[in-house]
Amino acid sequence: MVILKQVQIRLKSIKNIQKITKTMKMVSASKFTKAERDLQAARPFGYGPRKFYQMSHLVKGPVDEETSDAKKKKKKKKEPEAEVVAELKPEEKEKEKKMKRIYIAMTSDRGLCGGVHSGIARRIKRDLNLRAASGANHKLVCVGDKSRLILRRAYASHMLVSVKDIGRLAPGFGDASLMAAIITEAGFSYDMGEIFYNKYHSPVKYELTVIPIFNKARVENAPNMMAFDDVDEDMLECYTEWTLAALLYYALKECAASEQSARMAAMDNATKNAAEMIRKLTLLFNRTRQAVITRELIEIISGAAALK
Amino acid sequence: MALAFRNGLRTVARRLQVRNYADAAKGDEMALTFAAGNKVFYDKVVVKQVDVPSMSGAFGILPKHVPTLAVLRPGVVSVTENDGKLNKIFVSSGTVTVNDDSSVQVLAEEAHPLENLDRAAAQESLNKAQSEYSSASNDKAKAEAAIAVEVAEEILKAASG
């Protein structure tokens, strides 16, 4: 038998939860509009370096993804995967083993936003396992507490640095350059770096994207570097460091926008689910109350009948 | 002085050159992307010329410039738009990339149009930076203060015309 008081307490708590999720949705909606506006301003920061990578043939094929439609992108995304799986010949495997890589996971401190953070962590885990990465040559940089929490147990030896306190305020360029400085000062000389972030498409769509980063030596030896004018060492070093900051800034902004949009959707769903539960519980509550009244009536009437 | 003169000459020479190119072949246009942390100024807009202050000296970029990379130093970037309008924007730091398809990307940390600069505020920040420079204890703080002084000096120079 259902106890009336219990139903009442449960109903009350769910109503409170609904209020909270509703408020969170509205808060993230307003943060989202700001993040989206900021993102428009940050897009060239991603476009510039990508264009340069393409022009210097550091990256094969078009890097500018902004025009390609979703289908094309899916295909493109699959290709590198296949490459990694198929093309691991023994000598390449050896080379791959020696290659020093750095993985930058772009997440934030806040949860309650669907699969935004876990998607990134999962992809990094998969890549690490696929490359049979050793802790000495493959390092992780965790931006935001969420990715650190997910990855730190399994990949403790891979951790290089982690950045906290992301996601409370809108990220600025200062944050990005500070991060770039920390990564550079960490003293790990990587051959190849990758930034894992969620690229924002529309309020209901984001996609996990990987942007490569290159150090000075790689840029110097880029296949098409001959086409470029002579650049002295210091300048190139400055340039690559600054480019890292710019890319981090871009990725931060993309992440902020997709995170807020995902949180908005998640909270909207939570509010709807709460409404559904409230409907069911109210029904149960009314029925139970009615049952209690009926039972009491029966008791009174049958008592009165027995006295006759 | 001599350097400025030479730069001037070079820009004039390049301007003449570009006229030849423009007559000879259509389509060597220069698409400029100019963005800063606070604002996007140009997004793949076709312009005539861009002058940038870089670590290895200021230089002008015209269509078909040899591909190059450079790091910006604090100073004024002037953009000559296709209708001849001159747009002057102050930048604090950043990078310039000229690609071999004649597209130019200027990415700056902070950038503001010249008319938004305030002379008095610049003077004030210069004084503050100078006092920080003289009171800096270690090398790092000293270098940071030196950069602040450089930026403030350049803003002052740009603001006073």
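Please bear in mind that the model is a predicted one.

I begin with chain A. Its secondary structure consists of eight helices and five strands. Along the sequence these follow the order α-α-α-β-α-β-α-β-α-β-β-α-α. Chain A has 308 residues, of which 32% count as buried. Among its contacts with a separation of 6 or more, 76% are between residues 24 or more positions apart.

I turn next to the interface. Here, 21 residues of chain A are in contact with 24 residues of chain B. Two helices of chain A, α1 (4-55) and α8 (233-307), each contribute at least two residues to the side that touches chain B. Helix α1(A) gives the most, with eight residues.

Finally, I consider strand β4 of chain B, residues 68-72. How many of its five residues are buried? Five of the five are, and the strand is mostly covered. In a regular strand, side chains alternate between the two faces of the sheet. In β4(B), B:Thr68, B:Ala70 and B:Leu72 point one way, while B:Leu69 and B:Val71 point the other way. The residues pointing either way are all buried.

Which strand does β4(B) pair with? The partner is β7 of chain B, residues 94-98, joined to β4(B) by five bridges in an antiparallel arrangement. Within this pairing, B:Leu69 stands opposite B:Thr97 of β7(B). B:Leu69 is also one of the buried residues of β4(B).

Note on methods. Residues numbered from 1 in each chain as written. Chains lettered and ligands numbered in written order. Predicted model: local features only at pLDDT ≥ 70, side-chain atom pairs only at ≥ 80, totals over all residues. Buried ≥ 20, exposed ≤ 12 C-beta atoms within 10 Å, placed from the backbone. Helix = DSSP H or I, 4+ residues; strand = E, 2+ residues; numbered from the N terminus. Pairing = 2+ DSSP bridges. Contact = placed C-beta atoms within 7 Å.
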